[in-house]
Amino acid sequence: MTAQNIALIIGLLLISIALSYFIGIYNKLVMLKNNIEKAFMNIDVILMQRAEEVPELVKVASKFMEHENSMLMRLTQLRTDFLNAKSIDEKIENSAELSKLTKSLFAVSENYPQLSSNNNFVELQKRVSQMEDKIADRREFFNDSVNLYNIGIEEFPNVLLAKLLGYHQRNLFIVLPEEKAYNGIQF
């Protein structure tokens, strides 16, 4: 075996090792990206269920809340915006607004005793509240996936391949300040 053949074998071995290393990085980045998609799809199912409840909620509430038409129309528009959202970030943004306005609706409904005592409204309120709890649980898993992805695309040498593939930081599904606020029991 000549020195030239040995150099060629070592060169091919080094290229093979480098190629395997970059394939490993690529596969890791793809896995992290797909984990985000999967985690969001688990949330999206419940977000869709919640959005499906909005028309019924508006229908029942509009019978009793004649002076809150703008709120009910805004709720309907947010549902439409959510259903038409194309990206995860758009869905998260619309969902947050929908959640915020739904909570406002429930708060305002306390001013309408007939509505608050309506069985259909109470059942809808319970279902939406249960869905909010499920969303909160799944949001934690989604945010973990986003965090791992964001770390993964910033590690060296992953950052080189991530930039080449056009991967960028993803936004967390954050809890709005209004959701964190606790105003205590009001009397």
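Helix α1 (residues 3-64) packs against helix α5 (residues 119-154) at an angle of about 160 degrees, and their axes are 9 Å apart. The model is predicted: local features need pLDDT of at least 70, side-chain atom pairs count only at pLDDT 80 or more, and totals for chains, interfaces and linings use all residues. Residues are numbered from 1 along each chain as its sequence is written, and side-chain values use heavy atoms, with hydrogens and water left out.

**Helix packing**

- Helices here are DSSP runs (H or I, at least four residues), numbered from the N terminus.
- The axes are lines fitted to C-alpha atoms over the stretch in contact, and angles run from 0 to 180 degrees between N-to-C directions.
- Helices α1 and α5 are therefore roughly antiparallel to each other, a term for angles over 145 degrees.
- The crossing of α1 and α5 is left-handed, meaning that the near helix is turned anticlockwise from the far one by less than a right angle.
- The contact of α1 with α5 involves 22 nonpolar, 6 polar and 10 charged residues. Nonpolar covers Ala, Val, Leu, Ile, Met, Phe, Trp, Tyr, Cys and Pro, charged covers Asp, Glu, Lys and Arg, and polar covers the others, Gly among them.

**Aromatic pairs**

- The structure contains 5 aromatic pairs, in which rings of Phe, Tyr or Trp (its six-membered ring) have centres within 6.5 Å.
- One of them joins Y21 and F22, whose ring centres are 6.1 Å apart and whose planes stand at 75 degrees, so the pair is edge-to-face (planes over 60 degrees apart).
- Y21 is partly exposed, with a relative accessible area of 47%, and F22 is partly exposed at 38%; the term covers values between buried (under 20%) and exposed (over 50%), for a 1.4 Å probe and protein chains only.
- F40 and F142 also form an edge-to-face pair, with 5.7 Å centre to centre and 65 degrees between the planes.
- Because F40 lies in helix α1 and F142 in helix α5, this pair ties together parts that are 102 residues apart in sequence.
- F40 and F142 are both buried, and together with F173 they form one aromatic cluster.

**Charges over rings**

- R139 lies over the face of F173, at 5.2 Å from the ring centre.
- K91 lies over the face of F82, at 5.8 Å from the ring centre.
- Such a placement requires NZ of Lys or CZ of Arg within 6 Å of the ring centre and within 35 degrees of the ring normal.

**A residue of helix α1**

- N35 lies in helix α1 and counts as partly exposed, at 28% relative accessibility.
- The C-alpha atoms of N35 and A162 are separated by 16 Å, and these residues are 127 residues apart along the chain.

Definitions and conventions
Helix = DSSP H or I, 4+ residues; strand = E, 2+ residues; numbered from the N terminus. Parallel < 35°, antiparallel > 145°, perpendicular 65-115°, else oblique. Phe/Tyr/Trp six-rings, centres within 6.5 Å; stacked < 30°, edge-to-face > 60°.
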